[in-house]
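Q: I've got a new model open and want a quick tour. Can you walk me through what was computed for it?

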Amino acid sequence: QVQLVESGGGLVQAGGSLRLSCAASGSIFSIAAMGWYRQAPGKQRELVAVITSGGTTNYADSVKGRFTISRNNAKNTVYLQLSSLKPEDTAVYYCNAQVVTTSFDYYDYWGQGTQVTISS
C-alpha cells in the first residue's frame, strides 16, 4: 500500500506564486518518475510536469518558464513551484508516482488532488 499526500494549494492573485508538495509513503522500494497533472472544470486531465529519479524534467508548453518541478529522492517527495500564475492555471492539481513496491510490483499511484485557484 502506497499513499501520496499533497499540500500547498490555495487561492492566489494572478502573477503570484505557490509551491505544491507531494509526499509518498508506504511499501516503496523505489520510485521512477514523479509528476504533476491538472484538471480544470470541463477539461481532461493534462500533464503539467514530470521528473525522473535521475532528475530529468519535462514540462507542458503552457507552463515552461513559469513552473519548476523538483524532487527529494530520500524523502520520496516531489515539489512544484508555480510562478507568474495566470487565471488559466486554475485547476485541481494531482500528484502521480510510478512506484516499485517492496513486493517488486509496479503501480501508478495518484494523490487526492489539491485545488489551485488564480484570481484575475
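Q: Where is glycine 15 found?

A: Glycine 15 sits in the loop between β2 (10-13) and β3. Keep in mind that this is a predicted model.

Q: Is glycine 15 buried or exposed?

A: Exposed. Its relative accessible area is 53%, and the cut-off for exposed is over 50%.

Q: What does glycine 15 touch, leaving out residues up to four places away in sequence?

A: Glycine 15 touches Ser84 and Leu85.

Q: And how far is glycine 15 from valine 63?

A: Their C-alpha atoms are separated by 13 Å. Along the chain, glycine 15 and valine 63 are 48 residues apart.

Q: Back to serine 84. Where does it lie?

A: Serine 84 is in the loop between β8 and β9. It is partly exposed, at 42% relative accessible area.

Q: What is phi of serine 84?

A: Near 50°. That is a positive value, and serine 84 is a residue other than glycine.

Q: What about phi of phenylalanine 104?

A: Phenylalanine 104 has phi near 60°, again positive in a residue other than glycine. This residue is in the loop between β9 and β10 (106-110).

Q: Does phenylalanine 104 count as buried or exposed?

A: Exposed. Phenylalanine 104 has 57% relative accessibility, and over 50% counts as exposed.

Q: Zooming out. How many helices and strands does the protein chain have?

A: Zero helices and 11 strands. Along the sequence, the pattern is β-β-β-β-β-β-β-β-β-β-β.

Q: What is the radius of gyration of the protein chain?

A: It is 14 Å. The globule rule gives 14 Å for 120 residues, so the chain is as compact as a globular protein of that length.

Q: What box do the C-alpha atoms fill?

A: Roughly 50 × 25 × 20 Å, taken along the principal axes.

Q: How much accessible surface does the protein chain have?

A: About 6,200 Å². Carbon and sulfur atoms account for 48% of that surface. As for the residues, 40% of the 120 count as buried.

Q: What share of contacts joins residues at least 24 apart?

A: 54%, taken among contacts between residues at least 6 apart in sequence.

Q: Now the sheet. In what order do the four strands of the open sheet come?

A: The order is β1-β3-β8-β7, with antiparallel pairing.

Q: Which strands stand at the edges, and why is one side of each left without a neighbour?

A: β1 (2-7) and β7 (67-72). Each has a single partner strand, so one side of each has no neighbour in the sheet.

Q: By how much are neighbouring strands of this sheet turned against each other?

A: By 15° on average, with direction ignored.

Q: How many bridges join β1 to β3?

A: Six bridges, between β1 and strand β3 (residues 18-26). Within that pairing, valine 5 stands opposite alanine 23 in β3.

Q: And how many bridges between β3 and β8?

A: Six bridges as well, in the antiparallel sense. Leucine 18 is opposite leucine 82 in β8.

Q: What holds strands of a sheet together in general?

A: Strands of a sheet pair through backbone hydrogen bonds, in a parallel or antiparallel way.

Q: Where does asparagine 73 lie?

A: In the loop between β7 and β8. Asparagine 73 is partly exposed, with a relative accessible area of 40%. From serine 7, asparagine 73 is 66 residues apart in sequence and 18 Å apart in space, C-alpha to C-alpha.

Q: Last topic: the largest nonpolar core. Which residues touch the most other members?

A: Trp36, Leu80 and Tyr93, out of 32 residues in that core.

Q: Which strands each supply at least two residues of this core?

A: β1, β3, β4 (28-39), β5 (46-51), β7, β8 (77-82), β9 (91-101) and β11 (114-119). The largest share comes from β9, with five residues.

Q: What does leucine 80 touch, not counting residues up to four places away in sequence?

A: The contacts of leucine 80 include Leu18, Leu20, Trp36, Val48, Phe67, Ile69 and Tyr93. Arg19, Ala49 and Thr68 are also among them.

Conventions: Residues numbered from 1 in each chain as written. Predicted model: local features only at pLDDT ≥ 70, side-chain atom pairs only at ≥ 80, totals over all residues. Heavy atoms only, no water. Pairing = 2+ DSSP bridges. Axes fitted to C-alpha atoms, helices over the stretch in contact; angles between N-to-C directions. Rg over C-alpha atoms; globule rule 2.2 N^0.38 Å. Buried < 20%, exposed > 50% of the residue type's maximum accessible area, 1.4 Å probe, protein only. Contact = heavy atoms within 4.5 Å. Areas by Shrake-Rupley, 256 points an atom, 1.4 Å probe, with all protein chains shown as cover. Core = buried A, V, L, I, M, F, W, Y, C linked by side-chain atoms within 4.5 Å.
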